[in-house]
Amino acid sequence: MSDYKVLHVDGDRFGDFCVLDDGDYRVLSFGDNDEQSKMDKSQPHVPQHTYVQAMLAVLLFTQPKSVIILGLGGGALVHSLRHFDAAIKITAVELRGQVIEVAKRFFQLPLSKKLTVIHEDAYVFLAQAEHKKVDVIFADIYSDKGVDKQQLSNQFIEQTKQLLKTDGFLVLNCWKEHSRDLQLRDTLHEHFSQVFACLTGGGNWVVFATNKANCFSAANNKQELQALSQKLDINVSRVLTRFGPWE
């Protein structure tokens with residue numbers, strides 16, 4: 001990342017972070033050689049990381065009217081969802097106030113009446129259970145040390161399920177090592193009848209959990225894959241090459 005210029009440095013009680021820029025791309029970094037979020041300035045809606053691309057594959061299986069994003073970062077998911085369908089109601093929950101400010105100031109966060117950004121601990125937000133039920137919850141709660149352990153807990157999965165509509169989807173971004181976490185797998189199966197996952201080229205383990213029956217066949221439908229790829233400006237089939245049931 002030596003070609004990047006430091007645009008902004010900030011920090012809070014959770015650690016330091018900085019915003020980097022090389023002319024074409026802008027990066028939010030929480031640690032050395034860490035890309036928490038990356039944006040192509042000329043087309044902010046195109047997700048640069050394979051895990052974000054994989055999480056967006058949920059759009060093959062549902063046409064959401066409302067979503068919750070736990071962990072805003074630079075707002076990559078917000079950008080892509082807004083581009084996909086400007087009518088989706090998005091609630092993004094972010095623990096760190098400075099990260100919200102940076103997303104607005106440096107990452108062209110697409111502010112509108114359809115986007116609500118809440119400065120709060122995601123676990124407090126879930127425990128309050130005051131939000132209307134939504135179609136999709138994207139969980140991407142990371143620190144400089146990696147995936148937040150609470151995101152893998154039974155309580156977290158139970159609380160997210162409470163905020164999902166009957167046929168809603170929980171999309172979890174984890175790391176490759178979590179593909180061997182049988183406790184997480186079993187917990188998901190306790191709450192959801194369908195649990196699928198894929199391993200991304202970037203070493204992320206992205207999990208899709210739902211009680212909607214027979215919905216994952218679209219991952220093998222070339223026409224639907226092509227249509228979503230065109231809408232998102234990414235190759236969805238490439239991130240779903242290792243997609244299947246987590247059993």
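This is a predicted model, where local features need pLDDT of at least 70, side-chain atom pairs count only at pLDDT 80 or more, and totals for chains, interfaces and linings use all residues. Residues are numbered from 1 along each chain as its sequence is written, and side-chain values use heavy atoms, with hydrogens and water left out.

**Stop one: the open sheet.** Helices (H or I, at least four residues) and strands (E, at least two) are DSSP runs, numbered from the N terminus. Select β1 to β4: these 4 strands form an open sheet in the order β1-β2-β3-β4, with antiparallel pairing. Strands count as paired if DSSP finds at least two bridges between them. At the edges sit β1 (5-12) and β4 (37-40), each pairing on one side only. Now pick out β1 and β2 (residues 15-21), which are joined by 7 bridges.

Contact means heavy atoms within 4.5 Å.

**Stop two: strand β8.** Jump to residues 134-139: is this strand covered or exposed? Mostly covered, as 6 of its 6 residues are buried. Buried means under 20% relative accessible area, exposed over 50%, and partly exposed in between (1.4 Å probe, protein chains only). Strand β5 (residues 66-70) pairs with β8 in the parallel sense over 4 bridges, and leucine 70 has alanine 139 as its bridge partner. Strand β11 (residues 164-175) also runs parallel to β8, joined to it by 5 bridges. Look for valine 134 opposite leucine 164.

**Stop three: valine 58.** Find this residue in the loop between α1 (50-56) and β5. Valine 58 is buried, with a relative accessible area of 0%. Leaving aside neighbours within four places in sequence, its contacts are Val136, Phe138, Phe169, Val171 and Phe208.

**Last stop: helix α6.** Select residues 182-191 and colour the buried ones: Leu184, Arg185, Thr187, Leu188 and His191. They cover an arc of only 165 degrees around the axis (taken from the directions from the helix axis to the C-beta atoms), so they lie on the same side of α6. Gln183 and Glu190 are exposed on the other side. Among the elements covering the buried residues are α5 (154-162) and β13 (204-210).
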